[in-house]
Amino acid sequence: MDLDALTTARRHEWERLRELERRRRLSGREADELVERYQAASADLAEAKTAAGRTPQADVISTLIAGARLRLTRGAENPLRAVPRFFVLQLPAALYRLRWTTLVIAAAFVAIVALVAAWISGDPVLVATLGDEAGLERYAENEFVEYYNPAASFAGTVWTNNAWIAAQCVLFGITGIWPVMMLMQNAIGVGTAAAVLFSFDRGDVFVLYILPHGMLELTCIFVAGAAGLHIFWAWIVPGARTRGQALAHAGRSLATVAMGLVLVLLVSALIEGFVTGQPWPWPIKIGIGAAALGAFLFYMIRVGGRAARAGETGDLAEADRGATTLVAG
């Protein structure tokens, strides 16, 4: 084979391959052309090596092919570029999907707290089962308030605890039982604490110390419970997809919620650690908590609604989640 003749005959095609490989963006037609020219150059390289082994011409073709292969099989986009999409599209869209389930869970949670608090505080025998009177009085008069001691270590402990609860609700949501159990445990715990304080006429203290951080913190737990139950429902009722496909979609999109809630729970922990226990007027402390909750709900409903209407579901981008199977319906 005359390699010089091959180079002369193919020079234009190789230059076109280099041009396509270096372009920042390719149209559909250009992408197809890149594949075709990559295959043609591979054939030229095989022919050149068969005829003459390693030569300067073969090295040139090999370099072109390596660049084209990298362009065709390059890794996922820079993670830093994915951050804006996560916060502007994926996370709010995933939260938006959970809005009604979150509302139902919130209503049920508040009802259980009120029921437990009224049931226990209304029966001295039940109150006595919680501990001796002196210890309960000490808890109601001092320990409940002293718990909210402003400190960074306290905020960090609260954050990690709540983040772990939220993560469990999502990660073990497929069981259908775990999120319900976590929510019930928290509702009963809050209701029992309220019962003790109401029994010693300190109900106002309970409400005032819970509201600043509790509005946002409990909402995050409700959202996590809703995410877990949605994953369970996707497994039970997959629709036109297989159970594996439905579960994979729900798991990918709603795992986004677990990551987002870690950040939101950090805000509630900071409020609990540095606002709730401060000697400030209660309207200011409750106002800070209400503002934090309002910002979260705006993000969940308004920003999330806009992302959902744009077709976002919270799932990974198509290039990252892999091929899907087409189904009817």
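**Notes on a predicted model**

1. Start with Asp-44. Its relative accessibility is 5%, so Asp-44 counts as buried. The cut-off for buried is under 20%. Keep in mind that this model is predicted.

2. Where does Asp-44 lie? Find helix α2, which covers residues 28-52; Asp-44 is in that helix. Leave out residues up to four places away in sequence, and Asp-44 touches Leu-6, Arg-10, Trp-14 and Ile-61.

3. Two of these residues deserve a second look. The side chains of Asp-44 and Arg-10 are joined by a polar contact of 3.2 Å. Asp-44 also makes a side-chain polar contact with Trp-14, and the distance there is 3.2 Å.

4. How many cavities of 30 Å³ or more does a search of the whole structure find? The search finds one. The volume of the largest cavity is about 30 Å³. Its lining consists of Glu-13, Trp-14, Leu-17, Arg-37, Ala-40, Ala-41 and Asp-44. So Asp-44 from point 1, which counts as buried at 5% relative accessibility, is one of the lining residues.

5. Which elements line this cavity? Helices α1 (3-22) and α2 each give two or more residues to the lining of the largest cavity. Helix α2 gives the most, with four residues. By type, the lining of the largest cavity has four nonpolar residues, no polar ones and three charged ones. Asp-44 is one of the residues that line the cavity, and Asp counts as charged.

6. Move on to the largest pocket. About 560 Å³ of space lies in it. Its lining has 25 residues. Which of them lie nearest the centre? They are Tyr-147, Tyr-148, Val-190, Ile-210 and Glu-217.

7. At least two residues each come from α7 (133-146), α8, α9 and α10. Helix α10 has the largest share, seven residues. Sorted by type, the lining of the largest pocket has 14 nonpolar, eight polar and three charged residues.

8. Next, the largest nonpolar core. It has 42 residues. Those with the most contacts inside this core are Leu-95, Leu-98, Val-223, Val-257, Leu-261 and Phe-296. At least two core residues come from each of α4 (79-97), α5 (99-121), α8 (152-171), α9 (178-199), α10 (203-236), α11 and α12 (282-309). Which helix gives the most to this core? Helix α10 does, with 10 residues. Helix α10 also gives the largest share of the pocket lining.

9. Val-223 is then in contact with Leu-95, Leu-98, Thr-102, Val-257, Leu-261, Phe-296 and Met-300.

10. Finish with Leu-270. It sits in helix α11, residues 243-274. Is Leu-270 buried, exposed or partly exposed? Its relative accessibility is 40%, so Leu-270 counts as partly exposed. Now compare sequence with space. Leu-270 and Val-158 are 112 residues apart in sequence. In space, their C-alpha atoms are 8.9 Å apart.

Note on methods:
Residues are numbered from 1 along each chain as its sequence is written. This is a predicted model: local features need pLDDT of at least 70, side-chain atom pairs count only at pLDDT 80 or more; totals for chains, interfaces and linings use all residues. Side-chain values use heavy atoms; hydrogens and water are left out. Buried means under 20% relative accessible area, exposed over 50%, partly exposed in between (1.4 Å probe, protein chains only). A nonpolar core is a set of buried Ala, Val, Leu, Ile, Met, Phe, Trp, Tyr and Cys residues joined through side-chain atoms within 4.5 Å. Contact means heavy atoms within 4.5 Å. A polar contact is a pair of N or O atoms within 3.5 Å; within protein, one must be able to donate a hydrogen and the other to accept it, and residues adjacent in sequence count only if both atoms are side-chain atoms. On a 1 Å grid over the protein atoms alone, a cavity is a set of points where a 1.4 Å probe fits but cannot get out, and a pocket is an open set with protein on both sides within 12 Å along at least five of seven lines; lining residues have an atom within 4 Å of a point. Grid points are joined across faces, edges and corners, and a volume is the space filled by probe spheres set on the points.
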